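Hi,

Here is the structure I promised to pass on. Have a look at it first, and my notes on what turned up follow below.

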Amino acid sequence: MSPDEDAEPALTFPDLPRLELDQLLGQLVDRAGEVMAAQGRLRGLLQANQAIVGDLELPVVLRRIVESARTLLGARYAALGVLADGGGLAEFVHTGLDDETVARIGDLPAGRGLLGAVITEGAPIRLRRIADDPRSSGFPPGHPAMRSFLGVPIRIREEVFGNLYLTESEHGEFSAEDEELARALAATAAVAIDNARLFHATTVRGEWMAATAAVTREMLDAPGERRPLRLIVERSRGLAGADLAVLVRPDPDRPGTLGVDIADELQGRTYPMQGSVTGEVFTSATALRLTGPDERPDLTPALTVSRFEAGPMLVVPLAGPSRTEGVLTVVRGRGRPVFREDDLLLVAGFANQAAIALELAEGR
């Protein structure tokens, strides 16, 4: 027998099965990469959730939501619009724009165009190119270019609190996976916002109760003095987050008019009982919540001050058991968030308690 006949036959692989094996191995590697990437994004979502729920101060929570969304979804710009009671946006928290760009743009969005579409439709909107969508209203001069867009609503017990917006994806456009992550983040944000609002409401109620007790004590300890009246004005301004507060009372020297009683810049100013916002509130004993001084064009504005642009305001009566003592107006500067219905109830309740204290002090 020859040596060649004793040798083992050589192993060979057909070309076709080998090609299929290479393809399967390549697919396996690709799938493993996708799984690792998904795990990384899920870890990022968990980290974002932890950052969002780690505080109870609403401004801090809103800022963390925006920053976490921008990082998690790889967006250049991110923003969160808080809806106003009367429509549009009450607040617009953003990240990605420097101070110089913000100053160049001017007024922040009011909730029109694509931002308004997310508000009205209450559903996510994902676009590769903003300019191609007919709902887009364009950008103001000085605004940076933005192409890709993703917007999702933030719901709290079926109420849309606001909307999360992201633009300029680092991948060129936002994917369906990005949308799912944004929706998951919005759900966590809703819980965090709700908790922050409840905490804020509880804290503010406690502060208003303490202020009411302080004013009542001052009224009874020092009847006839002006210090308790000034305390009413100062506490109202501080607790309502206002920039200015004014107390007007009937002017004994000018029948049919209300004179400014406590206000540093408006001392000596008077308002007619008929045809003015303050007169309307005084005679009807009904509080008003206004978005600005010109919301009631049929009436003389409640407040006009030089060097101060008035914005949202609350005008509430000091309604005691037997008569109305005066009118308290708290004002925020133009561009600041509008007052909510809860703010009106708290300020009105405080003003009524102050009026009761006034009558009790006069009775003593």
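Let's start with the sheet: five strands make an open sheet in the order β2-β1-β5-β4-β3, with antiparallel pairing. (Strands pair here if DSSP finds at least two bridges between them; strands are DSSP E runs of at least two residues and helices are H or I runs of at least four, numbered from the N terminus.) β2 and β3 are the edge strands, each pairing on one side only. On average, neighbouring strands of this sheet are turned by 15° against each other, direction ignored. (Axes are lines fitted to C-alpha atoms, for helices over the stretch in contact, and angles run from 0 to 180 degrees between N-to-C directions.)

Before I go on, a word on the source: this is a predicted model, where local features need pLDDT of at least 70 and side-chain atom pairs count only at pLDDT 80 or more, while totals for chains, interfaces and linings use all residues. Residues are numbered from 1 along each chain as its sequence is written, and side-chain values use heavy atoms, with hydrogens and water left out.

Isoleucine 125 has glycine 151 in β4 as its bridge partner.

So what packs on the sheet? That would be α5, which touches β1, β2, β3, β4 and β5, its direction making about 35° with that of β4. (Contact means heavy atoms within 4.5 Å.) Helix α5 covers residues 113-121, and its buried residues are Leu114, Leu115, Gly116, Ala117, Val118 and Ile119.

The largest nonpolar core has 29 residues, and Ile154, Leu164, Leu166 and Ile193 have the most contacts inside it. (Such a core is a set of buried Ala, Val, Leu, Ile, Met, Phe, Trp, Tyr and Cys residues joined through side-chain atoms within 4.5 Å.) α3 (58-73), β1, β4, β5 and α6 (176-221) each supply at least two of its residues, and α6 gives the largest share, nine residues. Leaving aside neighbours within four places in sequence, leucine 166 is in contact with residues including Ala69, Leu73, Tyr77, Phe149 and Phe174. A second, separate core of 27 residues includes Ala211, Val233, Ala240 and Val330.

Overall, the protein has nine helices and eleven strands, and 43% of its 364 residues are buried.

Cheers

Conventions. Buried < 20%, exposed > 50% of the residue type's maximum accessible area, 1.4 Å probe, protein only.
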